[in-house]
Structures are given as structure tokens and as C-alpha cells.
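Subject: Structure for you to look through, with notes

Dear colleague,

I have put the cut-off for each term next to the place where the term comes up.

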Amino acid sequence: MSDYSLVVDETQDGLRLDALLSVTFEISRTKVASDIDAGSVLVNNKLALKSHRVATGDKVVYNPIIKEAINPADQVVNIPILFADEDVVVIDKPVGVAVHASPGWEGPTVTASIAALGHRISTSGAPERQGIVHRLDVGTSGVMVVAKSELAYESLKDQFRDRTVKKIYHALVQGHPDPSKGTIDAPIDRHPQENYKYAVVNGGKDSVTHYETIEAFAGASLLKIELETGRTHQIRVHMAAIKHPCVGDSMYGADPKLAGKLELHRQWLHATQLTFRHPKTGQDVTFNSAYPQDLTLSLTRIAEAYQ
């Protein structure tokens, strides 16, 4: 893995070094802390402690240490199963779980976790993500489906490609979008300077996000968001593009001070509902996911703070 580097901007000022790197590069905080202790991170060309608070303008270089082998047990966590049959398994993905294994990620994965529960996964798709027909970021929780049969894999891939799957998210964003209900139609592609980020880019992939305000607070708004397309980081990129980043999303410019007040350690983004056509029965099926505790508590805190 090549070095990761960044220049700390004003929205990241004051963050702990381990927290900054974990959120920015979507690598587990335990892994980052271990690498910092091993001397693989430089701040302004000097070694730093994991508790070091970065400042605007700091130059950070991170060279993740790759182990020769990962213990498979380390990639397994208990994931709630919402539904399972011979074709699909629908899960309620917790925060901090990657969908599949990837370089630099040593934490739990969806694929390893559901396999450990005895669910067969489709062999269709790239070797590292067999059965995966859509993804949620490590820092995003909520409902997602994995294909168990080859029939399901082909059917679901077609449904996602044809945009017939209904994907509903809730997001707490900074400020108040104006208008309070609208559509963001802006192409997304890899960030031209930072290869771990995405951005609205001319000539990028067609990307459409519909949103509406559920509740407005003094400093933030709770939105219902429906994705028409499914680009990587789509909601996070689109909300940042209209100057209303998801609360806690320091990668895309959110204010870390607000996240700190709410004791929120990731972006406030949750996949609340998923509707798709069952690949065998042909009937539409809908699955829902309630907010996890960290998101519920942060909502309570922001409501109480501005009463």
C-alpha cells in the first residue's frame, strides 16, 4: 500500500491524530493507533503520538503497516439478520464494519461475518466481494442485502443498475438546506487531488440525490434522502457540495466541534429502508432499520441543546 498523505484543513483543526486518520482513510482506529505507535505516521516530518492534536496546515504522512496475514476471526462480528432465505440475506450493518476485505482494513467485514453465521454467499462477482451487489461505507450503518444464490446476484445487480431499488437514508446535516426539499443532480468521480475522496466533477458519473427535511434544529437538519443512483460516498459528496455536510463527516468538511458536542464519532448517516424485487418470487419486499444508539443519542443531545 502506498503512503497516504494529507494537509490538515481548518475543519480538522484540533482533532486527535488517530481519529483524523481513521475517519479520513476509513481504516479502523485500532489499526491506525497501532501503526502510529510503530512509527508509521509523520506530522511535519516528525513522529507524533496518537493523542497528538493536529493543527491547520500540518502535513501528515501515513504508511500503513501490512501484516503478512490477517486472522479471519478478527474480521467477524455479530451482525443482526433482518431476513434470510436461500437467495438473499438482509442485514442491519453496524458502524465500523466494512462490506468486504480490502488492503489496509483489518477490522470486521460483512462477508466474513455472515459466512460465520452459516450463510452461503454467491460466488458471482470479484473474488474479494462475491455476492455484494451494493455497499455501505464503514462509517455508515443500516440495512443492506447480500446475494446468496447466483440467481439473486444477477437479479439484484440488474435492479440496482436499472434504478428500480428504493434506497432511503436519514442524515443529520449541518445548517438548513434551502429549499428544504429538493434534488441534487451533479456528476461524481474520484477527487482530482485526493485519491481517497470523491467529488462533484465535470464529466463524472451521473449522480442524483433527492432530499427533504424531516426536522430542523438550531444548527442542523435531519433529512430523509432517497438515492436514484448509487455512487461511492454519494450522499456525503452531494451534501458537502451544497455546503451542508453530514454532521461528523470530517472527510467532507464537517465541523468537528459540533460532532464533539454531540459525542459523535462518525458521519451521521443511516440506511433506514431498502425495497427490492425478490429475485425468485418477483414480489417487492421492504426492510427497515432503526437508528443505532450513537445516532439516537446525538439527536437527543442536539434537541436538548437548542430547546
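How much space lies in the second largest pocket? The answer is about 730 Å³, where a pocket is, on a 1 Å grid over the protein atoms alone, an open set of points with protein on both sides within 12 Å along at least five of seven lines, whereas a cavity is a set of points where a 1.4 Å probe fits but cannot get out. A volume is the space filled by probe spheres set on the points, which are joined across faces, edges and corners.

Before going further, please keep in mind that this is a predicted model, in which local features need pLDDT of at least 70 and side-chain atom pairs count only at pLDDT 80 or more, while totals for chains, interfaces and linings use all residues. Residues are numbered from 1 along each chain as its sequence is written, and side-chain values use heavy atoms, with hydrogens and water left out.

The second largest pocket is lined by 31 residues, and those closest to its centre are Ala19, Val23, Arg29, His265 and Arg266; a lining residue has an atom within 4 Å of a point. Helices H1 (17-25), H2 (29-37) and H6 (256-261) are the elements that each give two or more residues to this lining, and H1 supplies the largest share, with four residues. Helices (H or I, at least four residues) and strands (E, at least two) are DSSP runs, numbered from the N terminus. By class, the lining has 12 nonpolar, 11 polar and eight charged residues, with Ala, Val, Leu, Ile, Met, Phe, Trp, Tyr, Cys and Pro counted as nonpolar, Asp, Glu, Lys and Arg as charged, and the others, Gly among them, as polar.

Next comes Asp87, which lies in the loop between strands E5 (81-84) and E6 (88-93). Asp87 counts as buried because its relative accessibility is 3% (buried is under 20% relative accessible area, exposed over 50%, and partly exposed in between, with a 1.4 Å probe and protein chains only). Among the residues that Asp87 touches, not counting those up to four places away in sequence, are Val146, Lys148, His278 and Lys280, contact meaning heavy atoms within 4.5 Å. The side chains of Asp87 and Lys280 are also joined by a polar contact of 3.4 Å, that is, a pair of N or O atoms within 3.5 Å of which, within protein, one must be able to donate a hydrogen and the other to accept it, and for which residues adjacent in sequence count only if both atoms are side-chain atoms.

The whole structure has three aromatic pairs; rings of Phe, Tyr and Trp (its six-membered ring) pair if their centres lie within 6.5 Å, with planes under 30 degrees apart counted as stacked, over 60 as edge-to-face and the rest as tilted. The pair of Phe83 and Phe287 is tilted, because the ring centres are 5.4 Å apart and the planes lie at 35 degrees. This pair links distant parts of the chain, with Phe83 in E5 and Phe287 in strand E15 (residues 284-288), 204 residues apart. Phe83 is partly exposed at 30% relative accessible area, whereas Phe287 is buried at 12%.

Finally, the structure holds one cavity of 30 Å³ or more, and the largest cavity has a volume of about 40 Å³.

With best wishes
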